[in-house]
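Here is a friendly walk through one protein chain. Have a look at the sequence and the model, then read on.

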Amino acid sequence: MAMKATYRVTARRTGDWWALEVPELPGVFSQTKRLDKAAEQISEAISVMLDIEPKEFEVQVEPVLPAEAQKALQEASRARRDAEKASEAEREALRHAAAVLTKELSQRDAGRVMGLSFQRVSQLLSVPPRRQRGRADARPARRERAAS
């Protein structure tokens, strides 16, 4: 099966509209009010220009944003990554606390102390520590020897 061509589409905000352009296909332009409709709009223009069906190609819409907006998006992306790391650190700390507490306490009591349900404590204990995940999967399964 042949690979579909992918056309890069730039979308620039002009007033209330998004101006759409396909740099590799001079003369192919369109516009749309909403960015989520850009692919549909420009696909129609490409289809007419090249006399092919829209299902024969794909488009990749790339919004062109002002520097301030790009910077704000980068900061938001960095904050999201930081939050994901913090969330993972929290899960690991809770898992460790549950493991330590349940050496001496029931899961129900550990949950009470931690401010969690005993079901959540059970979930935490069923997940191996992050640094050990995958290692168990890499070990070959033990095979019982057939009795002679």
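## The order of the parts

Going along the sequence, the chain runs β-β-β-α-β-α-α-α-α. That comes to five helices and four strands, where helices (H or I, at least four residues) and strands (E, at least two) are DSSP runs numbered from the N terminus. This is a predicted model, with local features needing pLDDT of at least 70 and side-chain atom pairs counting only at pLDDT 80 or more, while totals for chains, interfaces and linings use all residues. Residues are numbered from 1 along each chain as its sequence is written, and side-chain values use heavy atoms, leaving out hydrogens and water.

Of the 148 residues in the chain, 18% are buried. Buried here means under 20% relative accessible area, exposed means over 50%, and partly exposed is in between (1.4 Å probe, protein chains only). Take the contacts between residues at least 6 apart in sequence: 35% of them join residues at least 24 apart. A contact, by the way, means heavy atoms within 4.5 Å.

Which residues make up the largest nonpolar core? There are twelve: Tyr7, Val9, Ala11, Trp18, Leu20, Val22, Leu25, Val28, Ala38, Ile42, Ile46 and Phe57. β1, β2 (17-21) and α1 (38-50) each give at least two residues to this core. Another core, of five residues, lies apart from it, and its members include Ala110, Met114, Val121 and Leu124. The term nonpolar core stands for a set of buried Ala, Val, Leu, Ile, Met, Phe, Trp, Tyr and Cys residues joined through side-chain atoms within 4.5 Å.

Setting aside residues up to four places away in sequence, leucine 20 touches Val9, Thr10, Ala11, Val28, Phe29, Ser30, Gln31, Thr32, Ala38, Gln41 and Ile42.

Now for a pair of serines. Serine 43 sits in helix α1, and serine 47 is found in helix α1 too. Are they buried or exposed? Serine 43 is buried at 13% relative accessible area, and serine 47 counts as buried at 14%.

Leaving out neighbours within four places in sequence, serine 43 is in contact with Pro54, Phe57 and Val59. With those neighbours left out again, serine 47 contacts Ile52, Glu53, Pro54 and Phe57.

## Salt bridges

How many salt bridges does a search of the whole structure find? The search turns up four, each being a side-chain nitrogen of Lys or Arg within 4 Å of a carboxyl oxygen of Asp or Glu. Side chains of opposite charge can pair when their charged atoms come close.

One of the bridges joins glutamate 62 and arginine 8, with the closest N and O atoms 3.2 Å apart. Glutamate 62 belongs to strand β4 (residues 57-64) and arginine 8 to strand β1 (residues 5-14), so this pair ties together parts that are 54 residues apart in sequence. Glutamate 62 is partly exposed at 27%, and arginine 8 is partly exposed at 35%. Another bridge links aspartate 36 with arginine 34, the closest N and O atoms being 2.6 Å apart. Aspartate 36 counts as exposed at 55%, whereas arginine 34 is partly exposed at 47%.

Arginine 91 and glutamate 88 form a bridge as well, with 2.7 Å between the closest N and O atoms. Both lie in helix α2 (residues 67-101), three residues apart, or about one turn of the helix. Glutamate 88 is buried at 15%, but arginine 91 is partly exposed at 36%.

The axes of α2 and helix α4 (residues 118-126) come within 9 Å and cross at roughly 100°, which makes the two roughly perpendicular. Axes are lines fitted to C-alpha atoms, for helices over the stretch in contact, with angles running from 0 to 180 degrees between N-to-C directions. Angles of 65 to 115 degrees count as roughly perpendicular, under 35 as roughly parallel, over 145 as roughly antiparallel and the rest as oblique. The residues of the α2 and α4 contact are six nonpolar, no polar and three charged. In this sorting, Ala, Val, Leu, Ile, Met, Phe, Trp, Tyr, Cys and Pro are nonpolar, Asp, Glu, Lys and Arg are charged, and the others, Gly among them, are polar.

Helix α3 (residues 107-114) packs against α4 at about 105°, with the axes 8 Å apart, and these helices are roughly perpendicular to each other. The contact involves Gln107, Arg108, Ala110, Gly111 and Met114 of α3 and Phe118, Val121, Ser122, Leu124 and Leu125 of α4. By class, that gives six nonpolar, three polar and one charged residues.
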